[in-house]
Amino acid sequence: DLQIISTDENQVFVAVQEWYQTDTYNLYQSDPQGVYYSILLENVRSTKQPEENVLIDILEVRGVKGVFLANQKIDGKVTTLITYNKGRDWDFLNPPDIDMNGKPTNCKPPDCYLHLHLRWADNPYVSGTVHTKDTAPGLIMGAGNLGSQLVEYKEEMYITSDCGNTWRQVFEEEHHILYLDHGGVIVAIKDTSIPLKILKFSIDEGQTWSTHNFTSTSVFVDGLLSEPGDETLVMTVFGHISYRSDWELVKVDFRPSFPRECTDDDYESWELTNLQGDRCIMGQQRSFRKRKISSWCIKGRSFTSALTSKVCECVNSDFLCDYGFERSAPLKSESSKCFADFWFNPEAPPEDCVLGQAYTSSTGYRKVVSNVCEGGVDLQQNLAQHMCPLIAPKGLQISIREESLAVKPGEDITFVVRQEQGDTLNTKYQVDLGDGFKAIYVNLTMTGEPIRHRYENPGIYRVSVKAENVAGHDESVVFVQVNSPLQALNLEVVPVIGRNQEVNLTAIILPKNPNLTVFYWWIGNNLQPLLTLESFLVTKFAETGDIRVTVQASCGSSMLQDSKVVHVFDHFHVLPLKFTKHLDTYNPDILDWREDIGRVVTRLLAKETNIPEETLMTVVKPGLPTTADLHVLLPANQPKRKRSITSDKRIAAIKQALNAHNISFFLRGGYWVLVTLADSGSDSQRIGGGSGYWAIVVLFVICLVAVGAIILYKKLPGRNVYAQMHNEKEQEMTSPVNHSEDTQNIIQG
C-alpha cells in the first residue's frame, strides 16, 4: 500500500507498506522531481479504520517548515520521534522534569521519554490528539504519556511553546483544543461523554489556566468553532442538552477581557533550535516573536510571528543520502556516512543515458530539499564525470493495451513495447506476430507507437520482440489466444452406472477449440472442481444415489455450463441392443435424437409389459453403427439380494413382448417400426454384487417399410435440436400423416 503524506515545497513524502509489514509503513522522501525516493524512517505505525481507511502515525507540525512527528513501532513498542530537517535526523521527545502539580516525574532518558498519540479526530469539529497552527509557530499541544513506550489508555495533555524542545504537563485527561488570536488564547474543553458547562483557557501559552462557565445548563459538547480569521477572539461551543434535544449554540467572546492591542514592547523573540541546541536548521537561523507572559493585550490582524532569518554555512547535517544510499544510523542525530545499498551501483549510467553524452555519478549525498545553506561543506562536490556508453537493452516488455490475452477472430489487438534500460536510439527491434507478419522497427520504445494487428483464424500465436544493438540484446514473448466464443455445451454421460465402476464424462462444445478450452468438473456437492484440458473425465462414484455432475467450459472470455444427474446403483441388469442398419442412415449422432429414441423404446416396453417405466432406461450410444443399452433397474422396494436372471419375471416379460412382435410405433412419414427379439441365445450382463455374470443379447429389429424420412433434424446456435419445434417431437413420432415429399426436400437441403 502507498499513502501520500505531503507534497509541499516540490517534494513528496509517501508511506509505503512493504510485503513484510502488517501494521507499519516505511516513510520515503522524493527528490525535487518526485521520481527517485530515499527511505527516511522505517516501521511507522498505522491504524486501520472502518471502510478500509488507513491512518499513518505521522504529523507535519504547522508553523515551522521541516518539523514532523512520527510514531515508530518496533517489536510491539510504540515511541514518538521528532525531526527538524524533513526526516534527515530523528530524536525522541524530551520529558518534563515535573508534572502539572510540581512533583518530579522521575522520567530520565534513555529509559523514559514523552510519547504522543498522533490520531486524527473522527469529528471534524474538534481537534485531534495533537494540535498545531500555522499562525502559532512553535506551539504544540497533544495527548500522551511518559514512559518507555506509548500507552493507549493514557491521554495526559502536554504543551510546548518552543517547537518541542521543552514540554509541560497541563491536564491529566484529554481535552479538545482551540487556538484564538494567533495562539494568544488557548481554549480547552474536556473530551468526555458527560455534559459540561465549564471551559478552560490560557493566555500565557499554558503556563496558567482559568475557568469560565460558558452556559448555565450543562450540555453534551459536540464541537468547537472559531469565527473566520486567525486573529479572532470569538468562538462557539455547540452541543445538545439531551439526546432528544436540538443543538445548542453558545457564543463565547474573549474580546472584553483584553483592554488594548499589543505594541512592539509587548513582544519578545525566541530562536528555533533542535534538541541538540543547533540554531542552523534547514540552512538558516530563524527567530520568531511571541507575546510576553506579563502582557495582557490582543495580537490582532497585523501580527506576524516570523521575525528574522539568517542563512548559515552548509554542514554535514544539511545533506542526506541520495537515491540508492542509506545511512548507517538513521535514528542518530550525529553525522553518519551514507553507504550504497547492495542493489545499487553508483557508477552505473542512468536509464536515460544516451551514447555520446556525459553523466555524473553520485557521491551518495544530496542537499535536503528547501535547505537554503550556502558555502561551507559541500558533500556533492568532486562528482565524477563519465561518458555514456552504448548500453545493451534490458527489461524489454511487450504487452497488450487491452490487457486481455484472448481475442476473437477479426478483433483488433494493440501491442505496446517498453524498455526499462539500455540504449534506444541505436537499437533495432524485430517484431514477429506469429501469423507470418514480421517487421523491424527503429526508435520503437522512444516514440511509444503501438503495433496494431488483427488475427483472422483461431489458434495460439507466439508474439515476440527482440531488441538488439552492438552491446547486446533482449527478448520478450507473449502468447495470444484467438478463439471464437463458445456457442454450445452438452454434457454426455451414461445416466445409470454401478457403484465403483468407471464412467466417462464427456463435454461436447461448439465450436471446437482444441487446446484452448479449460473444463471445470464438479462431482456431487464438492465445491472444489477438477480441471482438465481434455473434454472428458473418467471417474468413479463410491456412493449410491442420484449424483449431479456439472461441467463448465471456459474459452477466452466466454464460459458455458451444463449439468446432468447420474443414477448410481448396486444392482441392475444391462441388455445390449442393436438396430437394423437402415437406422444408421438417419442417425444424426446428436444427443437429442438419441434421448428421444431411448424414451420411445422405454415407454413402449413399459406399456406392453406393465413394468414400471422408472425401472427401465434405454440409452442409445453415440456413433455408428447405432447401438443401445437397456438398463433394467431394481424396484425401489426390492431387497438388495442376489437374483438369477431366469427368476426375474421382468426379463421374461420383456422377451415375450419382443418375440410376440408387440412393440411397434409410427415414424414421421407413415412408416411402421417393428421391434423384435432377434437372438435369444446370447447373454446379458448383470451389474452389482455376486460372482456370476451372465447375459442374453437382445436384438431390436426396427424395420423400415420403405425408404423415407424418419425424423427431421437441424442445428441451432448453442444447442442441437431436431424438428422444427422441440415440443412437436412426440407428435412427429406418432403421427400417421404422410409428409414424405416435404421431408425429403428438407433432408436434401
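In this predicted model, C321 is buried, at 7% relative accessibility. A disulfide joins C321 to C338, with an S to S distance of 1.9 Å. The torsion about this S-S bond is about -90°, so the disulfide of C321 and C338 is left-handed. C321 lies in strand β27 (residues 319–321) and C338 in strand β29 (residues 338–340), so the bond ties together parts that are 17 residues apart in sequence.

The structure holds 6 disulfides. With bonded cysteines counted along the chain, the pattern of the protein chain is 1-2, 3-5, 4-6, 7-11, 8-9, 10-12.

C353 and C388 form another of these links, and their sulfur atoms are 1.7 Å apart. The torsion about the S-S bond of C353 and C388 is about -95°, so this disulfide is left-handed. The pair links distant parts of the chain, 35 residues apart. C353 sits in the loop between β29 and β30 (358–361). C388 sits in the loop between β33 (384–387) and β34 (394–400). Both cysteines, C353 and C388, are buried.

C107 and C112 are also joined by a disulfide. Their sulfur atoms are 1.8 Å apart. The link of C107 and C112 is left-handed, with -100° about the S-S bond. C107 has 3% relative accessibility and counts as buried, because the cut-off is under 20% relative accessible area. C112, at 11% relative accessibility, counts as buried too.

Two further cysteines were examined for burial. C163 is buried, with a relative accessible area of 0%. C555 counts as buried at 1% relative accessibility.

Attention now turns to a sheet. Strands of a sheet pair through backbone hydrogen bonds, either parallel or antiparallel. Here, 5 strands form an open sheet. Their order is β35-β41-β40-β37-β38, and the pairing is mixed. β35 (406–407) and β38 (438–442) stand at the edges. Each of these two has a single partner strand, so one side of each is left without a neighbour in the sheet. For β38, pairing with strand β37 (residues 428–432) is antiparallel and runs over 5 bridges. Within this pairing, V431 stands opposite A439 in β38.

Terms used: Residues numbered from 1 in each chain as written. Predicted model: local features only at pLDDT ≥ 70, side-chain atom pairs only at ≥ 80, totals over all residues. Heavy atoms only, no water. Pairing = 2+ DSSP bridges. Helix = DSSP H or I, 4+ residues; strand = E, 2+ residues; numbered from the N terminus. Disulfide = S-S within 2.5 Å. Buried < 20%, exposed > 50% of the residue type's maximum accessible area, 1.4 Å probe, protein only.
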